[in-house]
Amino acid sequence: MMKEPMSIEGYDKLTEEFKYLLEVEKPKVAHEKLVAAALGDRSENADYQAAKEKLRFIDKRLFYLNKMIQNSQIIDPSLHVHERISFGSTVTLVDLETDKEEVYTLCGVLESEPENGLISVHSPIAKALLGKSAGDEVKVRLPNQIKEYEIEKIEYKNIFSLKKNIRTKSDFSFH
């Protein structure tokens, strides 16, 4: 099984969601299902069906989170010298065709927000960048084109200081 690199904060969020679903949400929905079941005919009972469906979602999510937790590889990028691009590096690239700057931060799959420049280490751009240094040129094979970049700068910025969508308990619930 492939290791899933993630930051300490990313791991903490993962375990927080897992615990919340297991200890709060699942028992609550199981209770809703029991109450609905007591109301009689289950085949006609929308509340019962809804609770059953919610439980299925919760169990699937718990299974997924558990796998991610088991395979997690916690990396503290603040401890690394970002001379070469690695997990947690924030990279400034120049598109050699358009001369435009693009900035990406390499993070874990559950931490990624591509729209905010946070890209998974498994993405094509990240894979092409890993191990490279400032001044290097990189070719990135995208689905319908090949892009060429020059690496302008590599630095460290905390992944969670760049995130715009941090999940909270209300996001963990199934409504």
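R61 is partly exposed, at 22% relative accessibility. The structure described here is a predicted model. R61 belongs to a salt bridge with E17, in which the closest N and O atoms lie 2.8 Å apart. E17 sits in helix α1, residues 8–37, and R61 in helix α2, residues 46–71, so the contact ties together parts that are 44 residues apart in sequence.

The relative accessible area of E32 is 31%, so E32 is partly exposed. K54 has a relative accessible area of 18% and is therefore buried. In total, the structure holds 10 salt bridges.

Salt bridges also involve the strands. The side chains of E102 and K147 meet in one of them, at 3.6 Å from N to O. E102 lies in strand β4, residues 101–107, and K147 in strand β7, residues 145–156, so the pair ties together parts that are 45 residues apart in sequence. Both E102 and K147 are buried. The contact belongs to a network: salt bridges with shared partners join D95, E102 and K147.

D95 is a member of that network, and strand β3 spans residues 89–95. Strand β3 runs antiparallel to β7, and seven bridges join the two. Within this pairing, T92 stands opposite K153 of β7. Strand β7 is also joined to strand β6, residues 137–142. These two strands run antiparallel as well, with six bridges between them. Here L142 stands opposite Q145 of β7. A hairpin of two residues connects β6 to β7. In a regular strand, side chains alternate between the two faces of the sheet.

Bridges join β7 to β3 and to β6.

Definitions and conventions: Residues numbered from 1 in each chain as written. Predicted model: local features only at pLDDT ≥ 70, side-chain atom pairs only at ≥ 80, totals over all residues. Heavy atoms only, no water. Salt bridge = Lys/Arg side-chain N within 4 Å of Asp/Glu carboxyl O. Helix = DSSP H or I, 4+ residues; strand = E, 2+ residues; numbered from the N terminus. Buried < 20%, exposed > 50% of the residue type's maximum accessible area, 1.4 Å probe, protein only. Pairing = 2+ DSSP bridges.
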